[in-house]
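Here's a quick tour of one model, taking in an aromatic pair, a loop and a helix packing. Have the structure open as you read.

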Amino acid sequence: MTTEDLTQQNDETESYRMFVISEKQAELIGASLPLMIANRLGYMDRQALEEEPTADSDIGLYIDLIVSSSSNDADYLLPDTPIKEALFRIILANGNKPMDAEQISEILTERWAMSAYPRSLSPHVINRLLENSGNYCIVPLPDPDDEA
């Protein structure tokens, strides 16, 4: 059995935490989440904005635009996109609804199937990256067991 087989076998039995983009995390690291999200809007969506994005803007508007329009642009998630950036963009394209590493791995594997930039997109690798993506304001949801 190869190392890749073992990793795949572990991925099939492991359950992963859910992650979201957190406004609280943005505050902790001093980041402007509205500007971070607005910067991922497609060109046409940016041009259609009535007001220039600010640090106090409502992120809901930008997320809605990404879900309905920008995420469908061919250049929203290019194969040479750094993986942590891709994680951020995928969660945004999902409306910032909680996602786990398996879901994100499936999306990336499908989107980048014919990529000239091969890299490991296994749920295990994606999970490790998600756990270390605080600079993108990506945080795990608390385990229900931890709240009891």
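Rings of Phe, Tyr and Trp (its six-membered ring) pair if their centres lie within 6.5 Å; planes under 30 degrees apart count as stacked, over 60 as edge-to-face and the rest as tilted. Searching the whole structure on that basis turns up one aromatic pair. It's a tilted one, because the rings of Phe 88 and Tyr 136 have centres 5.6 Å apart and planes at 50°. The pair links distant parts of the chain, 48 residues apart: Phe 88 sits in helix α6 (residues 83-93), Tyr 136 in the loop between α8 and β3.

A word on ground rules: this is a predicted model, where local features need pLDDT of at least 70 and side-chain atom pairs 80 or more, while totals for chains, interfaces and linings use all residues. Numbering starts from 1 along each chain as its sequence is written, and side-chain values use heavy atoms, leaving out hydrogens and water.

Ser 133 is found in the loop between α8 and β3 (138-140). Leaving aside neighbours within four places in sequence, Ser 133 is in contact (heavy atoms within 4.5 Å) with Lys 84, Leu 87 and Ile 138. Buried means under 20% relative accessible area, exposed over 50%, partly exposed in between (1.4 Å probe, protein chains only).

| Residue | Relative accessible area | Class |
|---|---|---|
| Phe 88 | 0% | buried |
| Ser 133 | 0% | buried |
| Tyr 136 | 16% | buried |

Now for the helices. In α7, Ala 101, Glu 102, Ile 104, Ser 105 and Leu 108 meet Pro 123, Ile 126, Asn 127 and Leu 130 of α8.

How values were computed:
Helices (H or I, at least four residues) and strands (E, at least two) are DSSP runs, numbered from the N terminus.
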